[in-house]
Amino acid sequence: AVFGFIIANSFVIIAGFFICTVADTSDVAVALLNILGSWSLLLLILAQLTTNDNNLYYSSLAAVVAVPKWKKKYVVITFGIIATVAGALGIVNYFTTWLSILGTAIPPVAGILIVDYFCVKHQSYRFGAGVKHRFCSIPALVSWAIGCLGHRGDQQHGCYRDYLYRFVYAFQKRHQSPVLWRRICRERTR
């Protein structure tokens with residue numbers, strides 16, 4: 001699959017390069033319109049159809065697996081209508097904003113999981129029948145919020161990030177620890 005993808009993807013990129021070179025433009029849609037005329041519209045619609053039917057299939061499958069009571073046929077129809085209406089309303093204009101929100105909110109979660117596994121739980125997670133887990137951890141939520149603020153600050157001229165770095169630096173100087181997380185881990189084991 002990887003080899004096939006590399007070949008197919010390389011072919012598409014090279015074909016797009018040649019089409020744009022022949023049409024003397026950097027916009028692939030304009031190049032196709034110049035070369036193929038109105039047939040390019042059909043080509044672009046079919047290309048989007050083959051991509052978005054997979055998106056609809058996988059999102060519907062995930063929803064049905066998450067909520068087994070739902071019937072797949074109705075989920076597919078509902079998701080298809082929602083996606084079509086959202087596309088017609090111009091949701092693509094907000095796509096980069098959505099990616100920015102995801103890029104701000106998701107990375108701190110990885111840091112929380114790493115610290116929780118290695119420092120707080122000392123690599124001893126328990127799974128299986130009878131194990132009860134809390135729905136939410138307040139320290140984890142606070143850490144996540146600080147991580148989000150630090151990342152947003154990084155995108156907004158570093159204002160929050162500078163405060164976080166100063167806090168970490170002051171904490172390290174106070175405890176004379178070369179690495180913050182090692183100090184935290186030692187404190188947790190005492």
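Aromatic pairs in this predicted model number 3, where rings of Phe, Tyr and Trp (its six-membered ring) pair if their centres lie within 6.5 Å. Tyr117 and Phe118 form an edge-to-face pair, 5.0 Å centre to centre with 85° between the planes; planes under 30 degrees apart count as stacked, over 60 as edge-to-face and the rest as tilted. Tyr117 is partly exposed, at 29% relative accessible area, and Phe118 is partly exposed at 42%. Buried means under 20%, exposed over 50%, and partly exposed in between (1.4 Å probe, protein chains only).

Residues are numbered from 1 along each chain as its sequence is written. In this predicted model local features need pLDDT of at least 70 and side-chain atom pairs count only at pLDDT 80 or more, while totals for chains, interfaces and linings use all residues; side-chain values use heavy atoms, without hydrogens and water.

Now to the helices. Helix H1 covers residues 2-23, and its axis lies 9 Å from that of H2 at an angle of about 65°. Axes are lines fitted to C-alpha atoms, for helices over the stretch in contact, and angles run from 0 to 180 degrees between N-to-C directions. H1 contributes Ile19, Cys20, Val22 and Ala23 to the contact, and H2 contributes Val28, Ala31, Leu32, Asn34 and Ile35. Contact means heavy atoms within 4.5 Å.

Ala31 belongs to helix H2, residues 28-36. Helices here are DSSP runs (H or I, at least four residues), numbered from the N terminus. Ala31 counts as buried because its relative accessibility is 0%. Its C-alpha atom is 5.5 Å from that of Cys20, 11 residues apart along the chain.

Definitions and conventions: Helices (H or I, at least four residues) and strands (E, at least two) are DSSP runs, numbered from the N terminus.
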